[in-house]
Number of protein chains: 2
Amino acid sequence: VRHLSVALVGFGSVGRAFARLLLETDDRLRARHGLECTVTGVATRRHGVAIDRLGLDLATLLSIEPDGSLAELHCCPHAEDTVGFIREAAADVVIEATVLDVETGGAAVEHIRSAFAAGAHVVTANKGPIACAYRDLRALATASRRQFRFEGTVMDGAPVFNLVAETLPGCEVVGFSGVLNSTTNLLLTRMEQGASLDEALADARGRGIVEANPDHDIDGHDAAAKAAALVNVLMDGTVTPRDIPTIGIRRVTRDALDAEVQRGRRLRLVARAARRGDEIAVRVGPEALPEADALARLGGTSNALTLRTDLMGELTIVEHDPGIEQTAYALLSDLIAVGRAIGVRA
Amino acid sequence: VRHLSVALVGFGSVGRAFARLLLETDDRLRARHGLECTVTGVATRRHGVAIDRLGLDLATLLSIEPDGSLAELHCCPHAEDTVGFIREAAADVVIEATVLDVETGGAAVEHIRSAFAAGAHVVTANKGPIACAYRDLRALATASRRQFRFEGTVMDGAPVFNLVAETLPGCEVVGFSGVLNSTTNLLLTRMEQGASLDEALADARGRGIVEANPDHDIDGHDAAAKAAALVNVLMDGTVTPRDIPTIGIRRVTRDALDAEVQRGRRLRLVARAARRGDEIAVRVGPEALPEADALARLGGTSNALTLRTDLMGELTIVEHDPGIEQTAYALLSDLIAVGRAIGVRA
C-alpha cells in the first residue's frame with residue numbers, strides 16, 4: 001500500500017463533496033488500488049488553513065459549517081503562501097478546487113504553479129487554468145516530472161481527456177461538437193415546455209442548480225471555456241475563451257424553440273470545433289440540431305460530447321443529469337490515475 | 001522503437017481491414033507509439049498459411065484475392081498446428097480474427113489457448129471466447145503473464161472494456177442497457193419508415209450490411225453474446241449466451257412499432273443487466289424506450305451502451321454508423337495497448 005498525502009486548496013462545495021467521497025471510498029482505495037490517502041492540509045481564502053501531517057480527520061473537517069473556521073484543526077506553524085502551505089502539509093498531491101475565474105484562469109493558475117514548485121502532483125476540476133494557461137502548465141508539469149490531471153474540467157467525472165488518451169490510442173481528434181453547459185440545457189428544456197427564460201431561471205434557482213449570477217452560463221462563457229480546454233488538450237490548440245466567437249441563449253425565444261420543434265429539430269447551445277488545414281475553427285452558439293443528433297435530445301442538466309476522429313469515426317459520450325457527486329468523482333478518479341502513473345498497482 | 005511480430009489467425013474481411021490499417025498507420029505507430037509492427041504469419045482455414053519471420057509484405061498479402069492461396073508467400077517449414085504456427089512465426093502478439101461461433105466460442109477459444117501456450121499476447125475482436133470462456137482464458141493469460149485484449153468484441157472500436165478499466169477507476173458497474181446489434185437496429189429503423197421485415201432485410205443485404213444468414217442477429221443471439229461478454233468482464237459474472245433469456249425481433253410488426261411511436265416511444269432490441277444482491281439479472285429483448293432515452297433514437301447501424309455505476313451515475317457511449325474500419329481500429333488500439341502494457345512508450 002502506497003501512502004499519498006493530499007492537500008486541498010479550496011474547500012467549497014466541490015472540496016467538501018470530494019472529502020465525503022474520500023471518506024466513503026477509503027477501504028476501496030486501499031484494497032483495490034493500493035492507495036492510502038490522507039488529507040494533510042486544507043487551505044481556504046476566508047476560513048483559514050488547517051495542516052496536520054499526521055492527517056486531518058475528514059469527519060471533523062466536514063462537520064465544520066461552510067462559514068466556520070478551520071483554525072481549531074490546525075497543528076502547524078503558519079504557512080506564508082501556497083508553496084509554504086503545500087510544503088508544510090508535505091503534500092504528494094494538491095487538489096485545486098477554488099472558485100473559477102474563467103477570464104484569466106485566476107488564482108487557480110498560481111496555485112497550480114505553486115504545487116509544481118513545491119514538488120506535488122496536481123489534480124483539478126477548475127476549467128480556468130486549462131482554458132487559459134494549459135501549455136505553460138503542461139510544460140511546468142513535464143519539467144518538474146509531476147502528474148497534471150483535470151478530467152473534471154469539462155464533463156465532471158465523465159471521461160473526456162482520459163477517453164482520448166487512454167482508450168483511443170493512435171486516433172487523432174479532428175473536431176468535436178458538445179452540449180457542455182448543464183444550466184443552459186436545463187433552461188432550454190424548460191422553455192420548450194412553455195416557460196419564459198426568467199421563469200425557467202427562477203425554477204432552476206429554486207432547485208439550487210444555477211449560480212446566484214447565471215450570466216456566465218447564459219452568455220455562453222462557461223461553454224467557451226470548456227471548448228477552449230478541449231481544443232487545447234485534445235487538438236493541441238492554443239486558444240483562450242476570449243478567442244472564441246461566443247453567442248449565448250439570452251435572445252433565444254420560446255417561439256424560436258417551438259419553430260425548431262415543428263421542423264423536427266432542437267435548439268441547443270453547442271460548442272463546436274473543426275480542424276481546417278493548420279487552423280482550428282471554434283465557436284459557441286445556439287444551433288438547430290436534427291432530432292437524430294445525439295446532442296439534440298439531451299434533457300435536464302445532461303451533457304454530451306461528440307468526437308470526430310480520423311480512424312474511429314464519430315463517438316459520443318453522454319453524462320446523465322450530473323450533480324456535485326460527479327465532480328467529486330472526477331477528482332477521485334484523477335487521484336487514482338496519479339497513483340497508477342507513479343507506479344502504484346494494487 | 002520496440003519491434004513486435006504479429007501473427008494473424010483468420011484473414012477474412014476483419015483481418016484484411018486490419019492489415020490495411022496497419023499499412024496506413026505504420027509511420028504513426030513508430031513515431032507516436034514507439035512500435036514497429038511486422039506481420040510474420042497469417043493462418044487461414046481454407047487458403048493456406050504464410051509465414052516469414054522477416055515480415056510478410058502487407059501490400060502483397062492484400063493483393064491476394066479472398067479466394068486465392070497464401071502459399072506463394074510462405075517461406076518456412078510447415079507448422080503442424082496453431083501452436084506450431086505461432087512459434088514458427090515467432091509471434092509476440094496473435095490477432096485472432098476467425099469466424100464467430102457464438103454457441104461455444106468455437107475454434108477461437110482454442111486459438112487463444114494456443115497463443116498463450118506459445119507465449120504470445122492475444123488481441124481479438126471475436127466475441128465468442130469472451131461470451132463463453134472468459135474466466136478460463138483470463139486465468140490462462142494471468143498464469144502465462146500475457147496480455148489479453150478484446151475491445152472490439154462489443155461495439156467495435158468504441159471503448160467499452162477500456163472505458164471502465166482505464167477511465168472509471170474505483171467505479172463499480174452495477175448494471176447496463178445497450179443497443180448492441182447493428183443489424184437489428186437498422187432493420188427496426190427501416191420498419192419504422194414503412195418497410196416489412198423482409199423488405200428491410202433485402203435492402204440491408206443489398207447494402208452488404210447483413211450476413212447471408214441473419215438469423216443470428218434477428219433472433220437476438222448476437223446481442224446475447226455481447227451481453228454475456230459485458231456481464232463477464234465488467235460485472236465479474238459467469239454467464240454464457242445460453243443462460244440469457246433472449247427474444248429477437250422476428251415477431252415485431254410495423255403496427256407495434258407505429259403504436260410505440262404514437263406513444264412517444266421507440267421499440268429497440270435491448271440487452272439489459274442489473275446486479276440484484278449476489279445475482280446478476282440479464283436479458284435480451286425488444287423494449288419500448290421513452291424518446292428521452294439515449295438508446296431510443298439510434299438510427300441506422302449505430303449502437304450504444306448505457307452504464308450504471310455506483311460513484312459516477314449513468315454514462316452512455318454511442319458509436320455512430322460503424323463499419324469494418326471500426327472493428328479494424330479496435331484491433332489496432334488493442335495492439336497499441338499491448339505495447340503500452342509491456343512498457344513501450346514513445
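A polar contact is a pair of N or O atoms within 3.5 Å, and inside a protein one of the two must be able to donate a hydrogen while the other accepts it. With that idea in hand, the meeting of the two chains in this predicted model can be explored. Between chain B and chain A, 23 residue pairs are in polar contact, counting pairs with both residues at pLDDT 80 or more. Several elements of chain B give two or more residues to the side that touches chain A, namely helix 2 (26-33), helix 7 (161-167), strand 11 (314-319) and helix 13 (324-341). Of these, helix 13 of chain B supplies the largest share, with seven residues.

In total, 40 residues of chain B are in contact with 40 residues of chain A. About 3500 Å² of area is buried between chain B and chain A, and carbon and sulfur atoms give 54% of that area. On the chain B side, the residues that lose the most area to chain A are B:R297, B:L311 and B:Y329, which together account for 19% of what that side buries.

Charged groups also take part. Seven salt bridges are counted between chain B and chain A. One of them joins B:E172 to A:R32, with the closest N and O atoms 2.5 Å apart.

B:R28 lies in helix 2 of chain B. Leaving aside residues up to four places away in sequence, B:R28 touches A:G170, A:C171, A:E172, A:D310 and A:L311 in chain A, along with B:H33 in its own chain. The side chain of B:R28 reaches the backbone oxygen of A:G170 at 2.4 Å. Within chain B, the C-alpha atoms of B:R28 and B:G157 are separated by 18 Å, and these residues are 129 places apart along the chain.

Strands meet across the interface too. Strands of a sheet pair through backbone hydrogen bonds, in either a parallel or an antiparallel sense. Here, strand 11 (residues 314-319) of chain A and strand 11 of chain B run antiparallel and are joined by five bridges. In this pairing, A:I317 stands opposite B:I317.

Further pairing is found inside chain A. An open sheet of six strands in chain A has the order 3-2-1-4-5-6 and mixed pairing. Its edge strands are strand 3 (49-51) and strand 6, each of which pairs on one side only. Strand 5 (residues 121-124) of chain A pairs with strand 6 of chain A in the parallel sense over two bridges, and A:V122 has A:F148 as its bridge partner in strand 6. Elsewhere in chain A, strand 8 (residues 265-276) and strand 9 (residues 279-290) pair in the antiparallel sense over twelve bridges. A:A273 has A:V282 of strand 9 as its bridge partner. Strands 8 and 9 of chain A form a hairpin with two residues between them, and A:G277 in the turn has a positive phi of about 65 degrees.

Aromatic rings complete the picture. Over all chains, eight aromatic pairs are counted. The ring centres of A:F116 and A:F148 are 5.7 Å apart and their planes stand at 85 degrees, so this pair is edge-to-face. Because A:F116 lies in helix 5 (residues 106-117) of chain A and A:F148 in strand 6 (residues 148-149) of chain A, the pair ties together parts that are 32 residues apart in sequence.

Notes: Residues are numbered from 1 along each chain as its sequence is written. Chains are lettered from A and ligands numbered from 1 in the order in which they are written. This is a predicted model: local features need pLDDT of at least 70, side-chain atom pairs count only at pLDDT 80 or more; totals for chains, interfaces and linings use all residues. Side-chain values use heavy atoms; hydrogens and water are left out. Contact means heavy atoms within 4.5 Å. Buried area is the accessible area (1.4 Å probe) that two parts lose on being put together, summed over both. A salt bridge is a side-chain nitrogen of Lys or Arg within 4 Å of a carboxyl oxygen of Asp or Glu. Helices (H or I, at least four residues) and strands (E, at least two) are DSSP runs, numbered from the N terminus. Two strands pair if DSSP finds at least two bridges between them. Rings of Phe, Tyr and Trp (its six-membered ring) pair if their centres lie within 6.5 Å; planes under 30 degrees apart count as stacked, over 60 as edge-to-face and the rest as tilted.
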